Amino acid sequence: MSSTTSITIVPPGGVVGILGGGQLGRMLALSAARLGLDVHVFAPEADCPASRVSAKCWTAPYDDEVALLEFANSCDVITFEFENIPAKSLEAIADAGKQVFPRPSALAVSQDRLIEKQFLQSINVPPVSFEAIDDASQIAKALDRLGGKGILKLRREGYDGKGQARIETGCDADAVFAQLGGRECLLEAFIAFDKEISVLVARGQDGATAIYEPPCNDHGGGILRQSTVPSGMSSAILAKAEQLGLKLAQALDYVGILALELFVMPDGTLYANEFAPRVHNSGHWTDDACYVSQFEQHIRAVCGWPLGPTMRHSDVVMDNLLGDRDIASWNQRAAAGEAVRIYAKRGGGEGRKLGHANRMSPKG
Ligand code: AMP
């Protein structure tokens with residue numbers, strides 16, 4: 001991908017535009033405020049978590065170009081916190097002469113699992129073996145080639161384990177394909193990984209990079225439950241993971257925080273699962289355990305500021321607070337000295353990400 005050399009510096013007093021109004025936008029806005037920057041939010045939902053900590057909010061669909069451009073013209077730089085924003089909307093803003101970071105091209109790669117895996121393969125950041133599936137009749141042969149067990153994933157718009165199904169040789173391919181909406185999919189080999197880790201890389205407009213120590217991530221039902229740092233991985237595995245993250249950031253000519261999710265096999269081999277062109281749930285611990293959090297780092301990068309130190313001053317376990325039952329523990333957690341972060345979403349809901357808590361201890 002091509003590189004742009006000119007740097008757009010947004011000094012204190014400037015305005016950062018964020019597309020998307022969820023918890024990531026909220027935490028980005030809070031960090032921006034500490035740097036003396038205002039945030040304008042654009043989101044389809046009124047009264048979203050980010051809107052309540054931002055100077056201004058536009059409520060309109062992502063494809064409302066008139067509203068988008070009005071929003072963009074009120075900002076000095078635009079970023080996003082949600083990867084299903086149509087890449088076209090970002091391109092329209094960029095075409096109108098506004099800087100958008102991360103670049104729309106990086107978002108476009110991440111929005112289609114097939115393009116994403118092909119890109120990862122092309123830069124030697126190896127993904128799990130995969131095959132494109134355009135209709136149910138291709139599933140049986142692809143499953144054979146991938147070892148008989150796989151995960152069928154929608155190419156577009158799946159997240160947190162949604163839009164995917166585990167399948168095996170002999171399954172009812174027509175039924176599984178129909179259950180995923182009969183849309184284009186990717187079949188991935190099912191792998192018996194040992195652990196899941198993620199690498200968070202910050203890259204500035206000038207190409208400078210900074211990297212956070214990779215956490216170990218535990219999932220349940222496809223949703224992140226807990227991130228732990230230190231991860232317990234060997235220094236060789238961590239170094240290899242960091243190298244893969246840096247390679248990806250470089251190849252995308254990336255600006256901002258980039259998260260690369262990796263599977264660690266029992267023999268230490270790493271496979272890329274997917275990347276997110278935004279701040280990431282597995283980086284929420286950085287808010288309380290690092291000198292500069294992923295949120296501030298992202299704002300610094302997109303605003304052309306120098307990146308900050310990524311060092312960790314504490315060991316930390318981050319628990320996601322999912323649904324009404326988890327969030328009800330805020331009081332006990334706060335009493336136990338945890339850093340409780342609540343997203344102030346209107347309404348609860350089973351499994352919904354409503355907050356997280358960071359449990360720190362002295363660095364071991
Ligand atoms: P994803 O939405 O692709 O990140 O998948 C959600 C979760 O499903 C991952 O964090 C893993 O725990 C699991 N998973 C995804 N792909 C695979 C795979 N190819 N083999 C085994 N487990 C997987």
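These legends go with a few close-up views of a predicted model.

Local features here need pLDDT of at least 70 and side-chain atom pairs count only at pLDDT 80 or more, while totals for chains, interfaces and linings use all residues. Residues are numbered from 1 along each chain as its sequence is written, and side-chain values use heavy atoms, with hydrogens and water left out.

**View 1. The shell around the ligand.** We count 16 residues around the ligand, with Lys 153, Glu 188, Ala 189, Glu 196 and Asn 273 the closest (near: a heavy atom within 4 Å). By class, that's six nonpolar, four polar and six charged residues (charged: Asp, Glu, Lys and Arg; nonpolar: Ala, Val, Leu, Ile, Met, Phe, Trp, Tyr, Cys and Pro; polar: the others, Gly among them).

View 2. Over at Asn 273, a side-chain N or O atom is 2.9 Å from a ligand oxygen. The protein covers 91% of the 480 Å² of accessible area that the ligand has on its own (Shrake-Rupley method, 1.4 Å probe).

**View 3. The ligand between two domains.** Domain 2 (129-189) and domain 3 (195-362) both give residues to the ligand shell, so the ligand lies between them (bounds from an automatic or database domain assignment).

**View 4. Domain 1 against domain 3.** Here 27 residues of domain 1 are in contact with 27 residues of domain 3 (heavy atoms within 4.5 Å).

Definitions and conventions. A polar contact is a pair of N or O atoms within 3.5 Å; within protein, one must be able to donate a hydrogen and the other to accept it, and residues adjacent in sequence count only if both atoms are side-chain atoms.
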